[in-house]
Amino acid sequence: MILSIIVPIYNASKYLHRCIDSLLAQGLKEGEYEIFLINDGSKDESLNICKEYQNTYPSIIKVLSHDNQGVSYTRNRGINEAQGDYICFVDADDYLKPNGYRYLIDNYLEEHIDILSFWALTLDKKTKANYIENNDIEGKICYEVKGRNFLKNGVQTFIWSSLYRRSLLIKEQLRFSNLTIGEDILFNLNVYMKDPTIRSVSSRIYLYDLHEESTIHQRNYPAMRKAINSYYTLFLETQKLYECNNEDIALSQGLKNIITNQFIPFLSRLLSSDYTISELKALKRNLHKSNILPINKNDSKSFVINLIFKTPFLFPIYQWGYQHIFIPYILPYLSRN
């Protein structure tokens, strides 16, 4: 079997038919692939929809279900159950262009490739206004590189735009950490540190539907606190890798840059939260103690990050301005332009 497709599902009935239909239209033959539809405690009709597809395609579709445990637990269960030579992850509210996986497998997936990375299109509100569906999946090889060299320039921030060799994940015991956000970054970071061979191609086959219900748009206070804790864990784990690899200057600088780049979305959650001044001070102390702050980069973003942590007494003003001015009035304008 070539490919195992893992789809975590939580209250996705609105999008599920589109997602599953696109997976069945990848040009793969029976016996070449399997689709794991893993219900993570959905309260809508998602599980019933999955069972309907399983009844129609029993040799391809496998339905698993458990109480709500989160996306990391759900993906890990899929990894443990998978039998394909390669594993890929698809979010239940996204979909793929027809024959995309077939094209990638036939043209770019060779014996020595551990990770085959491809392109995606983000369908945000602005893009949807002008997007015309098409079946263009052709591409070319952009680069081929070892994982640790890749990290010198950054890390893939999503996991649904790659095929991963299953034996690599099993042998190295690579799994998702229980984070509410950034779990895909940390997963890729740990995978790339094992120095796999990565090939990237420009085939744009994945369609990432960034709709209003997407996790990234959640701004309620409990969700923000979970996100802050997740980013903090991501920073700590990345800092550990930095300290263990500081003899490799280029790699260590790349790891530092990953932390710096993730501070902007982290700061967005922090300003969207109900954190108090005392909580911000405690967070600042922990970040300093872990050598994560201050951000030692000479640019405007780093200046803003350091300033906010240097002036905790102004933090309620920053929060109010971000929540009542920037998000409702400035952000929509930036999104339109």
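Modeller: With a cut-off: a polar contact is a pair of N or O atoms within 3.5 Å, where one must be able to donate a hydrogen and the other to accept it. Keep in mind that this is a predicted model.

Biologist: Which backbone nitrogen does the side chain of serine 273 reach?
Modeller: Serine 273 sits in the loop between α10 (249-271) and α11 (277-289). Its relative accessible area is 1%, so serine 273 is buried. At 3.1 Å, the side chain of serine 273 reaches the backbone nitrogen of tyrosine 275.

Biologist: Which residues does serine 273 touch, not counting residues up to four places away in sequence?
Modeller: Contact here means heavy atoms within 4.5 Å. With those neighbours in sequence left out, serine 273 touches Tyr221, Met224, Ile228, Gln319 and Gln323.

Biologist: With which side chain does the side chain of asparagine 39 make a polar contact?
Modeller: Asparagine 39 belongs to strand β2 (residues 33-40). It counts as buried because its relative accessibility is 3%. Not counting residues up to four places away in sequence, asparagine 39 touches Ile9, Ser46, Leu47, Leu64, Ser65 and His66. The polar contact, at 2.7 Å, is with the side chain of serine 42.

Biologist: How many residues of strand β1 are buried?
Modeller: Leu3, Ile5, Val7 and Ile9 point one way from β1, while Ser4, Ile6 and Pro8 point the other way, and all are buried. Strand β1 (residues 3-9) is therefore largely enclosed by the rest of the structure, and the count is seven of the seven residues.

Biologist: In what sense does β1 pair with β2, parallel or antiparallel?
Modeller: Proline 8 has isoleucine 38 in β2 as its bridge partner. Together with helix α1 (residues 13-24), β1 and β2 make a right-handed β-α-β unit. Over seven bridges, the sense of the β1 and β2 pairing is parallel.

Biologist: Over how many bridges do β1 and β4 pair?
Modeller: Serine 4 stands opposite isoleucine 87 in β4. The pairing of β1 with strand β4 (residues 86-89) is parallel, and the number of bridges is four.

Biologist: What arc do the buried residues Ser46, Ile49, Cys50 and Tyr53 of helix α2 cover?
Modeller: In helix α2 (residues 46-56), these buried residues are Ser46, Ile49, Cys50 and Tyr53. They lie on the same side of α2, because the arc they cover around the axis is only 100°.

Biologist: And what covers the buried residues of α2?
Modeller: The cover includes β1, α1, β2 and β3 (61-66).

Biologist: How many disulfides are there?
Modeller: A disulfide needs two cysteine sulfur atoms within 2.5 Å. The sulfur of cysteine 50 has its closest cysteine sulfur in cysteine 19, at 9.3 Å, which is too far for a bond. Cysteine 19 and cysteine 50 both count as buried because each has 0% relative accessibility. The number of disulfides is zero.

Biologist: Is glutamine 173 buried or exposed?
Modeller: Glutamine 173 is in the loop between α7 (166-171) and α8 (183-192). Its phi is positive, about 55°, although it is not a glycine. Exposed means over 50% relative accessible area. Glutamine 173 has 68%, so it is exposed.

Biologist: What is omega for the cis peptide bond from leucine 293 to proline 294?
Modeller: Proline 294 is in the loop between α11 and α12 (300-310). The bond from leucine 293 to proline 294 is cis, with omega near -5°.

Terms used
Residues are numbered from 1 along each chain as its sequence is written. This is a predicted model: local features need pLDDT of at least 70, side-chain atom pairs count only at pLDDT 80 or more; totals for chains, interfaces and linings use all residues. Side-chain values use heavy atoms; hydrogens and water are left out. Helices (H or I, at least four residues) and strands (E, at least two) are DSSP runs, numbered from the N terminus. Buried means under 20% relative accessible area, exposed over 50%, partly exposed in between (1.4 Å probe, protein chains only). Two strands pair if DSSP finds at least two bridges between them. A crossover is right-handed if, with the strands pointing away from the viewer, the path from the first strand over the helix to the second runs clockwise. The arc is that of the directions from the helix axis to the C-beta atoms.
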